[in-house]
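Have a look at the sequence and the fold first, then read on.

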Amino acid sequence: MYLLEQILNGVCQGMIYALMAIGYSTIVGVTGLVTFAYGEVVMIGAFAAYYCFEFFGAHLVPALLAGFLMAGLGGVVIHKVCYEHFFDAPRHISLICTIGMSMLLKNLAQILFGSQVKGMPTFFGGRFISLGGIRISFLQLLIFGLVIGLSAALSIFLNRTRTGMTLRSVSQDKKAAALVGIDVERSTLTGNVLGCALGGVGGVLLGIYYGTIVPTMGGAVGMKAFSASVLGGLTDVAGAAIGGLLIGICENIGIMFMTTGLRDAIAFVFLILVLLVKPQGLFGRKGGIKL
């Protein structure tokens with residue numbers, strides 16, 4: 001029974017990782033460039049929700065919207081500074097820029113928000129339902145529903161809307177897209193903003209799930225999102241989601257046998273083992289965003 005509860009906790013945690021990984025894969029798929037400022041975007045989303053709670057009370061919907069919008073705004077800044085002028089430059093140039101942006105955002109957050117841990121409000125008063133002796137909290141149900149809903153909305157957006165199909169075209173071949181009249185710069189901006197906004201929602205969910213946030217949280221969560229995305233093939237949105245779930249489950253099963261201090265190490269050991277067997281990731285392929 002304890003094992004099943006740990007697996008359930010891992011699935012819930014993995015759903016949050018999955019949402020962040022989906023955002024990361026969307027960014028990489030559309031821009032064609034890896035970012036190391038993504039963790040700080042997640043942190044911005046979490047702090048936007050925190051201050052929304054502070055000023056407007058413990059209302060979840062405004063906090064989720066604040067996290068979505070502020071992280072999306074962070075995506076605009078990152079695109080303008082780190083991507084816009086470097087699409088034709090060697091890839092390591094934009095990569096170095098995102099590393100610098102990550103350091104800048106982390107230090108600005110510590111100056112603006114303080115370096116101490118901040119508490120997030122609790123929701124549903126710890127209420128839960130019991131299924132066959134397994135307790136599922138209302139918060140976990142909320143996370144399941146929200147992540148599944150956002151994933152479905154993203155799938156519909158990318159497959160059924162004109163803007164979404166434009167993003168997929170740009171992700172497959174930027175030069176060909178430009179030749180048929182697509183505004184590639186605008187499309188990459190849209191993809192980056194969308195991916196960052198999803199990461200911001202992931203930051204809100206992570207904050208309320210663990211009950212605390214800190215300005216330095218971006219490093220660890222950014223690497224988790226990157227790892228989950230790599231597991232799924234980097235530009236495979238569905239694969240990234242599965243990668244996030246696997247990392248969450250492995251972490252929670254692993255801490256049954258090891259100290260919680262090794263939680264992050266468990267995730268990265270799992271990543272290394274998978275990549276030794278399949279270097280391209282579990283579902284990796286060439287050709288832009290895949291759903």
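Ser102 is buried, with a relative accessible area of 9%; buried means under 20% relative accessible area, exposed means over 50%, and partly exposed is in between, using a 1.4 Å probe and protein chains only. You'll find Ser102 in helix α4, which covers residues 91–113. Helices here are DSSP runs of H or I with at least four residues, strands are E runs of at least two, and both are numbered from the N terminus. Leaving out residues up to four places away in sequence, Ser102 touches Phe36, Ala37 and Glu40, where contact means heavy atoms within 4.5 Å.

Before going further, some ground rules: this is a predicted model, where local features need pLDDT of at least 70, side-chain atom pairs count only at pLDDT 80 or more, and totals for chains, interfaces and linings use all residues. Residues are numbered from 1 along each chain as its sequence is written, and side-chain values use heavy atoms, with hydrogens and water left out.

Now for helix α5, residues 138–160, which holds Ile156. Phe144 sits in helix α5 too. Is Phe144 buried or exposed? Phe144 is buried, at 16% relative accessible area, whereas Ile156 is exposed, at 51%. Setting aside neighbours within four places in sequence, Phe144 is in contact with Leu8, Val11, Cys12 and Met15.

Over in helix α10, residues 237–254, there is Leu245. Leu245 is partly exposed, with a relative accessible area of 25%. Beyond its neighbours within four places in sequence, Leu245 is in contact with Gly10, Val11, Gly14 and Met15. Val11 and Met15 are also among the contacts of Phe144.

| Pair | Apart in sequence | C-alpha to C-alpha |
|---|---|---|
| Phe144 and Met15 | 129 residues | 6.8 Å |
| Leu245 and Gly45 | 200 residues | 21 Å |
| Ile156 and Ala58 | 98 residues | 31 Å |

Stepping back to the whole chain, the secondary structure comes to eleven helices and four strands. Buried residues make up 48% of the 291 residues. Among contacts between residues at least 6 apart in sequence, 76% join residues at least 24 apart. The C-alpha trace spans about 60 × 45 × 35 Å along its principal axes. A compact globule with 291 residues would have a radius of gyration near 19 Å, and the chain's 18 Å agrees; that radius is taken over C-alpha atoms, and the globule rule is 2.2 Å times the number of residues to the power 0.38. The accessible surface comes to about 13200 Å², of which 68% belongs to carbon and sulfur atoms, by the Shrake-Rupley method with a 1.4 Å probe.

Finally, the second largest pocket. About 310 Å³ of space lies in it. Of the 14 residues that line this pocket, the closest to its centre are Leu206, Tyr210, Met217, Ala220 and Val221. A pocket is an open set of points on a 1 Å grid where a 1.4 Å probe fits, with protein on both sides within 12 Å along at least five of seven lines, and lining residues have an atom within 4 Å of a point. The volume is the space filled by probe spheres set on the points. At least two lining residues come from each of α8 (184–210), β4 (212–213), α9 (218–232) and α11 (263–277). By class, the lining has nine nonpolar, two polar and three charged residues; nonpolar covers Ala, Val, Leu, Ile, Met, Phe, Trp, Tyr, Cys and Pro, charged covers Asp, Glu, Lys and Arg, and the others, Gly among them, count as polar.
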